[in-house]
Amino acid sequence: MSLYTEWKDLLENQTDDTFEAFWDEYCKAEMAIYTHILEHKDEHLKGTVKDLAEKFGCRTAIFEGFLDGVETSLNGTIDLESVTEDTEVDLDVDLEKLYYNMHQADAPHLYGLDAWENALSEDRRSTIEREYKKSKIYHAPKKIGRNEPCPCGSGKKYKNCCGR
């Protein structure tokens, strides 16, 4: 079984009894890894998956989950499905993209890490946060005209159907 499959199985097969402990384990590992990346922003996180999992005190499947989450914030790509314990990774993280993606994932425990203070300026973080919020602005759908076909599919005019 590949690490990616193991990660997906672990993620999808949580029960009410295991759910909280699983997410606690994952979040602690995730926060430790991201804190390290931010504190060493000028270095790439490098090593085998097994060695990096040991470094951060987590299972290799949990580290694979981290890779699954960080992949969209990398300069480059990782073939997640081919990663094994012996795969060498060299994570070149785009910190601005990472900060944006953390907002998109609604992960305040990550974008609120103290280590961000030395990784990106407060002004840059504020700008990225504003860009994210702008991307979420809701635009109301166009109002249906009285004489337009009803969106329910009846074939009648809106005023003679759902618009009554």
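Reader: Where does Ser-73 lie?

Author: Ser-73 lies in the loop between α4 and β2 (88-91), where helices (H or I, at least four residues) and strands (E, at least two) are DSSP runs numbered from the N terminus. This is a predicted model, in which local features need pLDDT of at least 70, side-chain atom pairs count only at pLDDT 80 or more, and totals for chains, interfaces and linings use all residues. Residues are numbered from 1 along each chain as its sequence is written, and side-chain values use heavy atoms, with hydrogens and water left out.

Reader: Is Ser-73 buried or exposed?

Author: Ser-73 has a relative accessible area of 1%, and is therefore buried; buried means under 20%, exposed over 50% and partly exposed in between, with a 1.4 Å probe and protein chains only.

Reader: And what does Ser-73 touch?

Author: Leaving out residues up to four places away in sequence, Ser-73 touches Asp-92, Val-93, Asp-94, Lys-97, Leu-98 and Asn-101, contact being heavy atoms within 4.5 Å.

Reader: Changing topic, which residues are buried in α8?

Author: In α8, Arg-125, Ile-128 and Tyr-132 are buried. Seen down the axis of α8, the buried residues fall within an arc of 65 degrees, so they line one face of the helix; the arc is that of the directions from the helix axis to the C-beta atoms.

Reader: What do those buried residues pack against, and which residues are exposed on the other side?

Author: The buried residues of α8 pack against α5 (95-104) and α7 (116-119), while Glu-122, Asp-123, Lys-133 and Lys-134 are exposed on the other side of α8.

Reader: Which helix holds Glu-64?

Author: Glu-64 lies in helix α4 (residues 60-70).
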